[in-house]
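Dear colleague,

I am passing on the structure we spoke about, together with a short account of what turned up in it. Please have it open beside this message as you read.

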Amino acid sequence: MEGIIVAALSLVGTLGGSYFANKKSSALIAYRLEQLEKKVDKHNSVVERTYALEEAQAVIEEKIKVANHRIDDLEKKP
């Protein structure tokens, strides 16, 4: 009879320990995932801003080409 009680208590202790260890591990994984998501959001923001800057730079370069072409045309006129 004592053996059964000891075995039952051991089982309860083992299950309880496993449950709390798993719960803590899950919480840590969730926290780390949240931190990783924040880093990814920052990265995506930088990528979006870089893309916008590259677009603006392309527009400015095109305007400069047009302006230089107009200047060349004006200089060639008698």
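**Glu55 and the helix around it**

Glu55 is partly exposed, with a relative accessible area of 43%, and its place is in helix α1. Please bear in mind throughout that this is a predicted model. Between Glu55 and Lys77 there are 34 Å in space, taken from C-alpha to C-alpha, for a separation of 22 residues in sequence.

**The chain as a whole**

The secondary structure of the chain comes to one helix and zero strands, and that helix, α1, takes in residues 2-76. Along its principal axes the C-alpha trace spans about 115 × 10 × 5 Å. The radius of gyration of the chain is 34 Å, whereas a compact globule of 78 residues would have one near 12 Å. Buried residues make up 0% of the 78 residues, and the chain exposes about 7500 Å², of which carbon and sulfur atoms supply 64%.

**A salt bridge within the helix**

Side chains of opposite charge can pair when their charged atoms come close. The count here comes to one salt bridge, in which the side chains of Lys38 and Glu34 meet at 3.8 Å, N to O; the cut-off for such a contact is 4 Å. Why are Lys38 and Glu34 separated by about one helical turn? The reason is that they are four residues apart in helix α1. Lys38 counts as partly exposed at 45% relative accessibility, and Glu34 likewise counts as partly exposed, at 40%.

**An aromatic pair**

The structure also holds one aromatic pair. The rings of Tyr19 and Phe20 have centres 5.3 Å apart and planes at 70°, and because planes over 60 degrees apart count as edge-to-face, the pair is described in that way.

**A nonpolar patch on the surface**

Finally, Met1, Ile5 and Leu9 form a nonpolar patch on the surface, and together they have about 380 Å² of accessible area. Of these residues, Ile5 has its place in helix α1 and is partly exposed, with a relative accessible area of 46%.

Note on methods
Residues are numbered from 1 along each chain as its sequence is written. This is a predicted model: local features need pLDDT of at least 70, side-chain atom pairs count only at pLDDT 80 or more; totals for chains, interfaces and linings use all residues. Side-chain values use heavy atoms; hydrogens and water are left out. Rings of Phe, Tyr and Trp (its six-membered ring) pair if their centres lie within 6.5 Å; planes under 30 degrees apart count as stacked, over 60 as edge-to-face and the rest as tilted. Patches are made of residues with over 30% relative accessible area and no salt bridge: like charges are joined within 9 Å, nonpolar side chains (Val, Leu, Ile, Met, Phe, Trp, Tyr) within 5 Å. Accessible areas come from the Shrake-Rupley method with a 1.4 Å probe; for residues, only the protein chains shown count as cover. Helices (H or I, at least four residues) and strands (E, at least two) are DSSP runs, numbered from the N terminus. Buried means under 20% relative accessible area, exposed over 50%, partly exposed in between (1.4 Å probe, protein chains only). The radius of gyration is taken over C-alpha atoms; the globule rule is 2.2 Å times the number of residues to the power 0.38.
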